[in-house]
Amino acid sequence: GQNFSKINEEKLETDEFDEETKLEDIDAWDSLAKLSLMAMAKKDFGKLISGDTMKGFEKVGDIIAFLK
């Protein structure tokens with residue numbers, strides 16, 4: 001597996017965040033970032049993220065926990 005934080009920093013082009021960072025506080029967390037995450041999760045982790053699942057993510061840690 002790849003380093004999730006590294007992937008997201010590249011995808012979201014954000015300075016830094018940790019598992020407690022709220023997604024709504026990340027400026028680049030938009031519909032394109034969500035689609036990129038969905039594609040990356042399927043390609044790199046073999047996990048499908050539904051729209052409802054995506055809506056349930058509040059913090060970076062929620063995504064990490066889902067991908068484990």
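Trainee: Let's start with Lys47. Where does its charged end sit?
Mentor: Over the ring of Phe66, 5.7 Å from the ring centre. Keep in mind that this is a predicted model.

Trainee: Noted. Is Phe66 buried or partly exposed?
Mentor: Phe66 counts as partly exposed, because its relative accessibility is 25%. The cut-off for buried is under 20%.

Trainee: Which residue does Phe66 pair with?
Mentor: Phe57. The structure holds one aromatic pair, and Phe57 with Phe66 is that pair. The geometry is edge-to-face. The centres are 5.7 Å apart, with 65 degrees between the planes.

Trainee: And Phe57, buried or exposed?
Mentor: Buried, because its relative accessible area is 10%. So within the pair, Phe57 is buried, while Phe66 is partly exposed.

Trainee: New topic, pockets. What is the volume of the largest pocket?
Mentor: About 150 Å³. Phe57 turns up again here, as one of the lining residues.

Trainee: Which other residues line the largest pocket?
Mentor: Lys22, Leu23, Glu24, Trp29, Lys34, Met54, Lys55 and Glu58.

Trainee: Back up a bit. What is the overall fold pattern?
Mentor: Along the sequence, the pattern is α-α-α-α. That is four helices and zero strands.

Trainee: How much of the chain is buried?
Mentor: Buried residues make up 31% of the chain, which has 68 residues.

Trainee: Now Thr21. Where does it lie?
Mentor: In the loop between α1, residues 4–12, and α2, residues 31–45. Thr21 is buried, because its relative accessible area is 19%. The cut-off is under 20%.

Trainee: What does the Thr21 side chain contact?
Mentor: The backbone nitrogen of Asp18. That nitrogen lies 2.9 Å from a polar atom of the Thr21 side chain.

Trainee: Last one, Gly51. Which helix is it in?
Mentor: Helix α3, residues 51–56. Gly51 is partly exposed, because its relative accessibility is 39%.

Trainee: How far is Gly51 from Lys34?
Mentor: Their C-alpha atoms are separated by 9.4 Å. Along the chain, Gly51 and Lys34 are 17 residues apart.

Terms used
Residues numbered from 1 in each chain as written. Predicted model: local features only at pLDDT ≥ 70, side-chain atom pairs only at ≥ 80, totals over all residues. Heavy atoms only, no water. 1 Å grid on protein atoms, 1.4 Å probe; cavity = no way out; pocket = protein on both sides within 12 Å on 5 of 7 lines; lining within 4 Å. Points joined across faces, edges and corners; volume = space filled by probe spheres on them. Phe/Tyr/Trp six-rings, centres within 6.5 Å; stacked < 30°, edge-to-face > 60°. Buried < 20%, exposed > 50% of the residue type's maximum accessible area, 1.4 Å probe, protein only. Lys NZ or Arg CZ within 6 Å of the ring centre and 35° of its normal. Helix = DSSP H or I, 4+ residues; strand = E, 2+ residues; numbered from the N terminus. Polar contact = N/O pair within 3.5 Å; in protein donor to acceptor, adjacent residues only side chain to side chain.
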